[in-house]
Amino acid sequence: MMWDSPFSWASSSSLAYIYGKDKSAHEEFLFVYGKEYPRRIILVDGLSSEIKETIAGCLARALPRVATDLRLPIPISELEKGLESLLETMSLTRAVPSFRVEQWQVIVFVLLDALSVCRIPRIAPYIFNRNKVLEGSGIGNDILLPLGRVPQFATRCGG
């Protein structure tokens, strides 16, 4: 499936970050509702860094359009920092998929949705009302938000 590669990037550290926990709390997220989120894997030959830089470039090209379409009241630079921090938690071990810009925009939307839970909560209302972006894409919000917007996590992080 087209979306398998991008969403195999998520690790238990990614979920810990998304839900406002320290990276060291990743073990709490190794299994969520029967789905395994493995520990973060970093390739020793520096390939993970190259993959991250390539993905960051693709996300950076797609981000302005998504931010404009959603009318996000936040500087692009702050969104980029959030996306980069999230990428730092991911296992980047496979070649970067050759997606079209529109497909990268869907990935940006999903990642911003995840960041809106705790890390950038002021964008949540703009994203929450636009989940129709995912309609027809073949993906759902449950990949990076398996716990949804759990109140016990949201209240700890200002959401």
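This is a predicted model: local features need pLDDT of at least 70, side-chain atom pairs count only at pLDDT 80 or more; totals for chains, interfaces and linings use all residues.

**Helix packing and aromatic rings**

Student: Which residues of H3 meet H5?

Tutor: Among them are Ile55, Cys58, Leu59 and Arg65 in H3, which meet a set in H5 including Val101, Trp104 and Leu112. By class, the contact has 14 nonpolar, one polar and one charged residues.

Student: And at what angle do H4 and H5 pack?

Tutor: About 90°, with the axes of H4 and H5 10 Å apart. That makes H4 roughly perpendicular to H5. H4 brings Leu79, Gly82, Leu83 and Leu86, while H5 brings Leu111, Leu112 and Leu115. The residues of this contact of H4 with H5 are six nonpolar, one polar and no charged.

Student: Switching topic: how many aromatic pairs does the structure hold?

Tutor: Three. In one of them, the rings of Trp9 and Trp104 have planes at 20° and centres 6.4 Å apart, so the pair is stacked.

Student: Where do Trp9 and Trp104 lie?

Tutor: Trp9 is in the loop between H1 and H2 and Trp104 is in H5, so the pair ties together parts 95 residues apart in sequence.

Student: Is Trp104 buried or exposed?

Tutor: Buried, at 4% relative accessibility. Trp9 is buried too, at 2%. Trp9 and Trp104 form one aromatic cluster with Phe99.

Student: What lies over the face of Tyr17?

Tutor: Arg119, at 4.0 Å from the ring centre.

Technical notes
Residues are numbered from 1 along each chain as its sequence is written. Side-chain values use heavy atoms; hydrogens and water are left out. Axes are lines fitted to C-alpha atoms, for helices over the stretch in contact, and angles run from 0 to 180 degrees between N-to-C directions. Helices (H or I, at least four residues) and strands (E, at least two) are DSSP runs, numbered from the N terminus. Angles under 35 degrees count as roughly parallel, over 145 as roughly antiparallel, 65 to 115 as roughly perpendicular and the rest as oblique. Contact means heavy atoms within 4.5 Å. Ala, Val, Leu, Ile, Met, Phe, Trp, Tyr, Cys and Pro count as nonpolar, Asp, Glu, Lys and Arg as charged, and the others, Gly among them, as polar. Rings of Phe, Tyr and Trp (its six-membered ring) pair if their centres lie within 6.5 Å; planes under 30 degrees apart count as stacked, over 60 as edge-to-face and the rest as tilted. Buried means under 20% relative accessible area, exposed over 50%, partly exposed in between (1.4 Å probe, protein chains only). A charge sits over a ring if NZ of Lys or CZ of Arg is within 6 Å of the ring centre and within 35 degrees of the ring normal.
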